[in-house]
Amino acid sequence: MKILAVIFLALGFFLTAVAAIGILRFPDFYTRMHASGKADTLGVALTLVGLALYEGFSLTSFKILFISAFIMFANPIGTHILVRAAHQSGLKPLTKRRESK
Amino acid sequence: MTIDNIFFALLVGLVVLIIMMLFRVFKGPTVFDRLNGLGVIGTDAIIILVIIGFLSGREEMFLDIAISYSILGFIASVVIAKYLGGKGESKE
């Protein structure tokens with residue numbers, strides 16, 4: 001069980017680091033939201049599942065799984081509503097056609 | 001290598017990720033980039049809170065703090081995004 005928990009922690013931290021590097025390195029706002037919406041959500045959820053596996057079966061692990069489930073639906077909603085606000089305020093996405101014009 | 005060393009290494013790595021996100025928050029070209037960086041900092045801080053709870057041996061108190069922090073961060077993100085989007089729409 002401990003080995004499985006450490007594997008989940010390493011996988012979650014890897015995905016969170018990938019999300020952070022993507023947010024630093026991607027060229028456009030919408031691509032940066034792509035990194036933040038998918039990789040960061042799964043990374044945080046996997047890390048919390050790993051911590052719950054380390055704890056065992058108790059109220060503490062149930063609370064950790066509740067935080068994980070809440071993040072699994074709250075983080076994509078926040079990302080989507082932020083992209084929607086940016087699109088409504090007139091921020092144009094980076095396309096190849098606009099670049100060549 | 002005990003589990004406490006792994007937790008401590010994870011804590012240091014998450015602090016490094018938060019410093020990278022701070023670079024995006026201070027530099028970001030638009031205000032939405034800054035909001036995105038702040039949201040990622042919030043989700044990383046939830047993991048940091050839970051790990052500090054495991055390291056200090058008082059998981060219950062830190063878990064309640066983490067639950068309220070995640071809900072408050074989500075509500076703040078939604079409210080600020082709605083405010084900025086409405087302002088841009090009326091200007092257009």
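The model is predicted: local features need pLDDT of at least 70, side-chain atom pairs count only at pLDDT 80 or more, and totals for chains, interfaces and linings use all residues. Residues are numbered from 1 along each chain as its sequence is written, and chains are lettered from A and ligands numbered from 1 in the order in which they are written.

The contact involves 38 residues from chain A and 39 residues from chain B, two residues being in contact if their C-beta atoms, placed from the backbone, lie within 7 Å. On the chain B side, helix 1 (3-27), helix 2 (31-56) and helix 3 (59-91) each supply at least two residues; helices are DSSP runs of H or I with at least four residues, numbered from the N terminus. Helix 3 of chain B gives the most to this side, with 15 residues.

In chain A, M1(A) sits in the segment before helix 1 (2-25). M1(A) counts as exposed because it has 9 C-beta neighbours inside 10 Å, where exposed means 12 or fewer other C-beta atoms within 10 Å of a residue's own, placed from the backbone. Its C-alpha atom is separated by 43 Å from that of A85(A), 84 residues apart along the chain.

Helix 3 of chain A (residues 59-88) has 30 residues and reaches 43 Å from its first C-alpha to its last, close to the expected 44 Å; the expected span is 1.5 Å times one less than the number of residues. This helix bends by about 25° at I71(A), the bend being the angle between axes fitted to the seven residues ending there and the seven starting there. Just after helix 3 of chain A, G90(A) has a positive phi of about 90°.

How values were computed. A residue is buried if 20 or more other C-beta atoms lie within 10 Å of its own, exposed if 12 or fewer, and partly exposed in between; C-beta atoms are placed from the backbone.
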